[in-house]
Amino acid sequence: MNLRRDVFQAIADPTRRAILLLVASQSMTAGAIAANFDTARPTVSKHLQILTECELLEQEQSGREIYYHLNPKKIKEIADFIEPFRKMWDDRFNALETIMKKYKSTK
Amino acid sequence: MAQKTTIHAEDGKQELMVTREFDLPLELLFRAYVEPDIVEQWMGTKVLKLDNKNHGSYHFETTDPMGNKHGFHGTIHEFLPNRKITRTFEMENTPFDVQLEFLEFEKLTDDTSKLNMHIVYRSVKLRDQMLQLPFAQGINMAHNRLQEICKKISPLK
């Protein structure tokens, strides 16, 4: 586990978001991904490395080529990142509701 | 099951909206924000000061399981009973800047009500940090304390 890099850091970069969008529709090799950017190939490789490290991308060996594809589980984690915040408020409000119902019944 | 509490946070905006419908008459919902001993129960916090009026203020303090005290406070800008509270919120001894909160209370039926909490942050970055805070902490301390308090509450006060 690399604590230095989390998924939110990974998606903070526009190039990395563009890479995720690219491979969302189909698995692609590093070369095919790099062909979509003006950026130097090593830079794209670095982005791929970061995305792989934080498990947003998964590698798959096919013959001599390595294909990159999305890790749906991790993507869902991003989609759900607001959930703990929502849950925190939901719990608070549930407590409020429970407590106030007692005031109601004692009236 | 439909979620009772919803969060609306648009990308790239420095604000968010927390909306909740309650199985409570409007007056009871509002009371939960006004009476210090009730606030203490559901917020899981100690109320050091709660001066609910225009130009009023509040000061709360929570103690985490380690015994550390965390204070938070704000100014109550506008106070309209059963309708609206406009206030600031600031956590003490943190790098987070103050936030502005608009709480609007609405009657739905005689037994149900709704709260809209519109929070405005200093920057998009700060809003996103605050949104991620509970996520980052994994288990939120306030949340834990809240659960403890809920368990402690006896059936009747």
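Within chain B of this predicted model, residues 24 or more positions apart make up 37% of the contacts with a separation of 6 or more, a contact being two C-beta atoms, placed from the backbone, within 7 Å. Residues are numbered from 1 along each chain as its sequence is written, and chains are lettered from A in the order in which they are written. Local features need pLDDT of at least 70 and side-chain atom pairs pLDDT 80 or more, while totals for chains, interfaces and linings use all residues.

Chain B has 4 helices and 8 strands, taken as DSSP runs (H or I, at least four residues, for helices; E, at least two, for strands) and numbered from the N terminus. Along the sequence they read β-β-α-α-β-β-β-β-β-β-α-α. The 8 strands form an open antiparallel sheet with the order 1-2-8-7-6-5-4-3, where pairing takes at least two DSSP bridges between two strands. Strand 1 and strand 3 (46-50) of chain B sit at the edges, each pairing on one side only. Neighbouring strands are turned by 20° against each other on average, direction ignored.

At one end of that order, strand 3 of chain B is joined to strand 4 of chain B by 4 bridges, with Lys49(B) standing opposite His59(B). Helix 2 of chain B lies across these two strands, at about 140° to strand 3; such angles run from 0 to 180 degrees between N-to-C directions, with axes fitted to C-alpha atoms, for helices over the stretch in contact. Helix 1 of chain B also packs on the sheet, touching strands 2, 6, 7 and 8 of chain B, and makes about 155° with strand 7.

Then there's the partner chain. In all, 29 residues of chain B are in contact with 23 of chain A. The chain B side divides into 19 nonpolar, 5 polar and 5 charged residues (Ala, Val, Leu, Ile, Met, Phe, Trp, Tyr, Cys and Pro count as nonpolar; Asp, Glu, Lys and Arg as charged; the others, Gly among them, as polar).

Buried residues (20 or more other C-beta atoms within 10 Å of their own) make up 18% of the 157 residues in chain B. Met100(A) touches residues including Leu24(B), Leu29(B) and Arg31(B).

Terms used:
A residue is buried if 20 or more other C-beta atoms lie within 10 Å of its own, exposed if 12 or fewer, and partly exposed in between; C-beta atoms are placed from the backbone. Lists of a residue's contacts leave out its neighbours within four places in sequence.
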